[in-house]
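I opened this model to look up its packing and one of its sheets. My notes follow the structure.

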Amino acid sequence: MELNRGRCVRRDSKREASTGGSLSELPDEVQACNGDRLSELPADLLLNILERVGTLDAVKTCILSRKMQKLPTMLSQIVIDLSSHDLVQMNGVVADVTDKILRTRSPQITIHKLKLKFFLSPSRCLSIGKSVGAAMVTQKLDAAEFEILSPRDLHLCTDAYRVLFAKQFNNFVRDCPDAFAGLTRLHLRNMRFGKSDIPIILSYCKVLESLSFLMCDAGIRSVLHVEHARLVELVISYGKFKTVELNRLPKLKRMTYNNWPYDENPLVLGVLPQLSNLSLGDACISQKTLKLSQLLATVPSVSDLSLEFRSEKIWIQPECPKALAPVLAKLRFINLDNLPEECDISWTMFLLEAAPSVEDLSITVWDHKCRQESQNSYSMKTDVKWEPSNPNFKHKNLATLTIYGFESDDNFMGYVRRVMQAAVNIKKVSLHDRKVCTLCTDKFPHADARPSSYPQTSVQKDSLRKKITEASSEASRAVIQFSS
């Protein structure tokens, strides 16, 4: 904001809305204007400004002027999304502010978005739940989101604490049914439920659209059955489920499953007619692999497929394109992330052959040492055994190929040439150097890194472009870009 003849106006540059930060400083908008000048602005403009900062900052701002003290009750977005560090000190404030705003606001003003992050504390949860539940019954509320943190750090939380936290959350749900009946998004972490708890929780959350579990399960080697009429998005990471079975989810569109601990049927997809986006990530250190033709047999609607390999062994099994084609017919985007650096990437051609509608293929090759499994010997990671692709195979829809971790060796050069020869309408090939993680550098300062052969100079890049395109007239029509 800048002062202009006694009024506050926006800077020309765009400023992202903050949904919660440090409360030690007032927002930039307030620092640029004193309280009297700010309060002279029209109410609709003031509300527009206040909704660009976190709700707690908005409340603090309105204390500056008596005329503004009612404005927090007129906000159409109530967002309290503090960092875990700030939340340790402010958890009680979250409950108090939520109660005051919801209890005193006019029921005629629609709440378009309610997002609350808070620690699992029985008394504070009850206060928040009762306030939100009353608002669900008496006011207009389009979307409501709870992100509930456990009082224990993720990696220091024992199984006994997870059981305790799950019991506390179950009590929270039972004590505040109205709040959960209108909840649209729910994020949980560090909870070990009983066998029937999760289905019961879902029965309370009748309009839930997004559900996220982080380090949550129903016991070691438990089976999770998920059925829900309204669920659109499901995210599961680091649980101890033996199998996750998605049964009747007629509106599910996005599914993410990361780090399953057991290899036998980790995911079973049932009746999911709208599933379009599937993301799977695991560090497979066993000899078991998954067959996409079996995993996706009931969900031919998938259009966006992301597979993350944690810099470890490839855990999908290359298959005959004819067998795989029926389940990949609608696939348009493929993302293969964190393939181990010593792996020959030519095995990925079977996916292109089986998916004629793919428009974008992105591959990241990287030994990401932040992950514990990546410290294992390279001998544990074997190349994928696959049948060479049909040399006459042509792909008509692939427009973009992106590779991170590109090297100017036979593995990558041969692969790029092969893809460009097959993809007769390819428009752009983007080749990037290996990704860099500052945490890896700090955590493993003496770890050996593979020497990079990525081209550094313009001369080297031009030379590689020529080598890639000289073997094919089709390839010369594509733009080959190297990162600067």
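I started at Leu-246. Not counting residues up to four places away in sequence, Leu-246 touches Val-226, Leu-234, Leu-252, Met-255, Leu-267, Val-268, Leu-269, Gly-270, Val-271 and Leu-272. I note that the model is predicted.

Next I looked up the core. The largest nonpolar core has 124 residues, and Leu-246 is listed with Phe-146 and Phe-169 as touching the most other members.

Which order do its strands have? I read S8-S10-S12, an open sheet of 3 strands with parallel pairing. Strand S8 (222–226) and strand S12 (267–271) each have a single partner strand, so one side of each is left without a neighbour in the sheet.

I checked the pairing of S10, residues 241–248, with S12. The two run parallel and are joined by 4 bridges. I picked out Glu-245, and its bridge partner in S12 is Val-268. Val-268 is also one of the residues that Leu-246 touches.

Last, I took the whole-chain values. The chain has 15 helices and 19 strands. Of its 484 residues, 49% are buried. I put the accessible surface at about 23400 Å², with 50% belonging to carbon and sulfur atoms. For contacts between residues at least 6 apart in sequence, I wrote down that 70% join residues at least 24 apart.

Key
Residues numbered from 1 in each chain as written. Predicted model: local features only at pLDDT ≥ 70, side-chain atom pairs only at ≥ 80, totals over all residues. Heavy atoms only, no water. Pairing = 2+ DSSP bridges. Buried < 20%, exposed > 50% of the residue type's maximum accessible area, 1.4 Å probe, protein only. Contact = heavy atoms within 4.5 Å. Areas by Shrake-Rupley, 256 points an atom, 1.4 Å probe, with all protein chains shown as cover. Core = buried A, V, L, I, M, F, W, Y, C linked by side-chain atoms within 4.5 Å.
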